[in-house]
Amino acid sequence: MAIENRPKSAKSSFAASVPLSEMLKLGKLIAPEVDIVTLLLEEFSLTEMRWLEPFQATFSLERKSFGSGGFRDAYLAKAISGIATGKYVLKRYKEDKVAEIKELFGMMEAYTRKAIQMNALARNFAQNLDLQRPVFECVPTFRYSKVYFVNFNGEYITVEDLSKEHSQSI
C-alpha cells in the first residue's frame, strides 16, 4: 500500500478550458474600438471677437460613429487630459459631402469657423435670455454647448461637450 505524502488540505485545480473557437480567434487581429488622439483645440471668444490660443487635449475616440446628420458623422470621445473630463462629440464631414459644401460655401475651414462663431453667438443669446426669464416659467431655454475648431490632418472637424441629457443613451 502506497502512502501519499501530500498534505490533506492541498487541492488540485485546473485552469478553465478555453473553447477551440476562442483559441482560433487569437490568431486573428482584433482591432481596438477606440483610438487615443491628441487634438489642438481652438475656441472662439465672442466677448473678445477673436480666436483664442489653441490648446492640446487628449481623447479616447470611438472608431465607429454613433450618429449621422446631413453633412457630418458624430463620434463619441472621452476626455483624458487637457480639457474637463467627460463625454464629447467629434463631428467629421462626410467625404461625399465635402465637394457640395465647397461649391456652396467656399473653403471648408472658413465654413467650419463661421459655423462655430454662429454657435457662440446663439449660445450667448440663449444664456442671456435664460437670465432674463421669469423664475416662475417652467419652460427652459434652449442650451448650446461650447464648440471647438480642430484641424485634424487637414480635415476640419468640431468637438463639443456632450450634454448630460444626450449622453445617457450613449
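Helices (H or I, at least four residues) and strands (E, at least two) are taken here as DSSP runs, numbered from the N terminus. On this basis, the secondary structure of the chain amounts to 4 helices and 9 strands, arranged from the N terminus as α-β-β-β-β-β-β-β-α-α-β-β-α. The model is predicted, with local features requiring pLDDT of at least 70 and side-chain atom pairs counted only at pLDDT 80 or more, whereas totals for chains, interfaces and linings use all residues. Residues are numbered from 1 along each chain as its sequence is written, and side-chain values use heavy atoms, with hydrogens and water left out.

Burial was assigned from relative accessible area (buried under 20%, exposed over 50%, partly exposed in between; 1.4 Å probe, protein chains only). Of the 170 residues of the chain, 26% count as buried. With contact defined as heavy atoms within 4.5 Å, 45% of the contacts between residues at least 6 apart in sequence join residues at least 24 apart.

Strands β8 (residues 147-152) and β9 (residues 155-161) pair in the antiparallel sense over 6 bridges, pairing of two strands requiring at least two bridges found by DSSP. Within this arrangement, V150 has I157 of β9 as its bridge partner. The two strands form a hairpin with 2 residues between them, and N153 in the turn has a positive phi of about 55 degrees.

Aromatic rings of Phe, Tyr and Trp (its six-membered ring) were paired if their centres lie within 6.5 Å, with planes under 30 degrees apart counted as stacked, over 60 as edge-to-face and the rest as tilted. The whole structure contains 7 aromatic pairs. One of them, formed by W51 and F149, is edge-to-face, at 6.1 Å centre to centre and 65 degrees between the planes. Because W51 lies in strand β3 (residues 50-51) and F149 in strand β8, this pair ties together parts that are 98 residues apart in sequence. F149 is buried, at 0% relative accessibility. The rings of F149 and Y156 are stacked, since their centres are 5.7 Å apart and their planes lie at 25 degrees; Y156 is also buried, with a relative accessible area of 19%. Ring pairs link F44, W51, F149 and Y156 into a cluster.

Salt bridges (a side-chain nitrogen of Lys or Arg within 4 Å of a carboxyl oxygen of Asp or Glu) number 8 in the structure. As E160 lies in strand β9 and K91 in strand β7, the pair ties together parts that are 69 residues apart in sequence. E160 is buried at 15% relative accessibility, whereas K91 is partly exposed at 21%. R113 forms a salt bridge with E109, the closest N and O atoms being 3.1 Å apart. R113 and E109 are 4 residues apart in helix α3 and therefore separated by about one helical turn. A network of salt bridges links E42, E109 and R113.

K94 is located in the loop between β7 (87-93) and α2 (98-105). K94 is buried yet has no salt bridge, the nearest side chain of opposite charge, D73, being 4.3 Å away; for this assignment, Lys and Arg count as positive and Asp and Glu as negative, while His and the chain ends are not counted. Not counting residues up to four places away in sequence, K94 touches S68, G69, G70, F71, R72 and D73.
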